[in-house]
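Subject: Structure handover

Hello,

Here is the structure I promised to pass on. Please open it alongside this note; my findings follow below.

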Amino acid sequence: MITFALSLLALIVGYFLYGRFVEKVFGPDDRVTPAMEKCDGVDYLVLPNWKIFMIQFLNIAGTGPIFGAIMGAKFGPSCYLWIVLGCIFAGATHDYLSGMLSIRNGGAGQPQLVGKYLGEKTRQIMLVFTILLLVMVGAVFVYSPAEILHSIGGSSTMWILLIFAYYIIATMLPIDKIIGKIYPLFAFSLLFMAFALMIMLFVKMPDIPELWDGIGNMGMAADSSWTDNIFPCLFITVACGAISGFHATQSPLMARCMASERHGRPIFYGAMITEGIVALIWAAVASYFFYGSPAPGYQVIEAAQATAFHTAAPSVVNIICNDWLGVVGGILAMLGVVAAPITSGDTAFRSARLIIADFVKLDQKPIAKRLFVSVPLFVLAILLLLWQIENPNGFNIIWQYFGWANQTLSVFTLWAITVFLARADKPYIITLVPALFMTTVCATFIFVSKQALHLGETVSYILGGCVLVIAVVWFAVWYCRFKSGRGKNN
């Protein structure tokens, strides 16, 4: 519990110290924002700051900081380190700068920003890649809350239909009609769940692995069937609580609703730090339930070993909330856990609609044009969802590919931000290091993963190192050419 407490303190201090430094690097000012310049009453309109924070938090949260942290607990205390360091120096920095760049570029979406700084061909690749990721998010975030609700009552099919119907309505209506009204309630539920569990952790003071026990100490439940290495698997498994490329697709939604750039740090950087706290809490709780016998969730992990570690996540959430928080607390907590993925799913579809509309330059004020863009997205998501339901291991497969695609998206965003900072003569090192690290993680995962090339550890690490060297050389050559070209122009 000492490691958990220190990690919690580090996240809070990181917001006030490093968050302020990153804000100073970017330099927000009092220029007119897209919300005021392009106000259309649908996607561009000014919302109160507290609502924007709540919406941003729910948009980026999903089941990621919960399920990801539960899955990541198998890596031991190294999970805490990744959440803290990743969140402060990579994830929150990524979210803040991508959100602020969107404001500076008229509310531009992630593919547009990547294209501006990394080239037109990269923009086209990112357009397809991002749309597929967002549709995948929509499908994943239908299935996981439906399974949790099914454990309470009703059939999974019924809940899937209801959730998808909500997605359609929320995607089509102006952002202040549903999202702006119900998200604060859902955000309260999710935060209540997290902080109630945190209080229970300090009340129970469980004996869970500490950093000085070894960063890979998996506790008494460690099993030889768990062969995933900390590098790179931890950094793919725990995404939303540390760094997530999906967030760069969500930040433009709120960039189009802010009245001032000066509100960016509490909204973008602050929402990510809050998500990191949620992930940290669930990582500690999962460590107790999985590794501290006897515990209510200990049998769940044994039952899950026959398939995959993370298949137990919805069951673990249900057990933990009801066992620790009682009936009323359990209901509120479960509402938060269910609301998080649902509210990420609807904004995933909304982001996809806006990205496509921006690409084809289609005005989204008329509802008919919103339908024209949205219907193909919904059809694709339904097909993916049907395959997921019919395939017994469908959820696991989609989640694994979602995890890699999510982190790969962050790589492109980090490189785009790095180029922006370098061009502006700002300290680009703050995103260059995370960009190089995540590039190496995603490349190595492709080489070593059983779901991809599966080349073996030694070969995969060598190839991952080669990718790192290539990335360093590529940036160095580009930067030298950029400086040389600017010197000639002067």
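The lining of the largest cavity is made up of 6 nonpolar residues, 3 polar and no charged. (Ala, Val, Leu, Ile, Met, Phe, Trp, Tyr, Cys and Pro count as nonpolar; Asp, Glu, Lys and Arg as charged; the others, Gly among them, as polar.) This is a predicted model, so local features need pLDDT of at least 70, side-chain atom pairs count only at pLDDT 80 or more, and totals for chains, interfaces and linings use all residues. Residues are numbered from 1 along each chain as its sequence is written, and side-chain values use heavy atoms, with hydrogens and water left out.

Cavities

There are 4 cavities of 30 Å³ or more. A cavity is a set of points, on a 1 Å grid over the protein atoms alone, where a 1.4 Å probe fits but cannot get out; lining residues have an atom within 4 Å of a point. The largest holds about 70 Å³ of space. Volume here is the space filled by probe spheres set on the points, which are joined across faces, edges and corners. Its lining includes Ser-98, Gln-110 and Thr-413. Helices H5 (78–104), H6 (110–118) and H16 (394–423) each supply at least two lining residues. Helices are DSSP runs (H or I, at least four residues), numbered from the N terminus.

Salt bridges

The structure has 11 salt bridges, each a side-chain nitrogen of Lys or Arg within 4 Å of a carboxyl oxygen of Asp or Glu. One joins Asp-43 and Arg-350 (3.0 Å, N to O). Asp-43 sits in the loop between H2 (34–37) and H3 (49–61) and Arg-350 in H14 (residues 313–360), so the pair ties together parts 307 residues apart in sequence. Asp-43 is buried at 3% relative accessible area, and Arg-350 is buried at 0%. Buried means under 20%, exposed over 50%, partly exposed in between (1.4 Å probe, protein chains only).

Asp-358 pairs with Arg-256, again in a salt bridge, with the closest N and O atoms 3.0 Å apart. Asp-358 is partly exposed at 25%, while Arg-256 is buried at 3%.

Arg-123

Where is Arg-123? Its place is in helix H7 (residues 120–152). Arg-123 is buried, at 19% relative accessible area. Leaving aside neighbours within four places in sequence, Arg-123 is in contact (heavy atoms within 4.5 Å) with Pro-111, Gln-112, Gly-115 and Phe-359.

Best wishes

Notes:
On a 1 Å grid over the protein atoms alone, a cavity is a set of points where a 1.4 Å probe fits but cannot get out, and a pocket is an open set with protein on both sides within 12 Å along at least five of seven lines; lining residues have an atom within 4 Å of a point.
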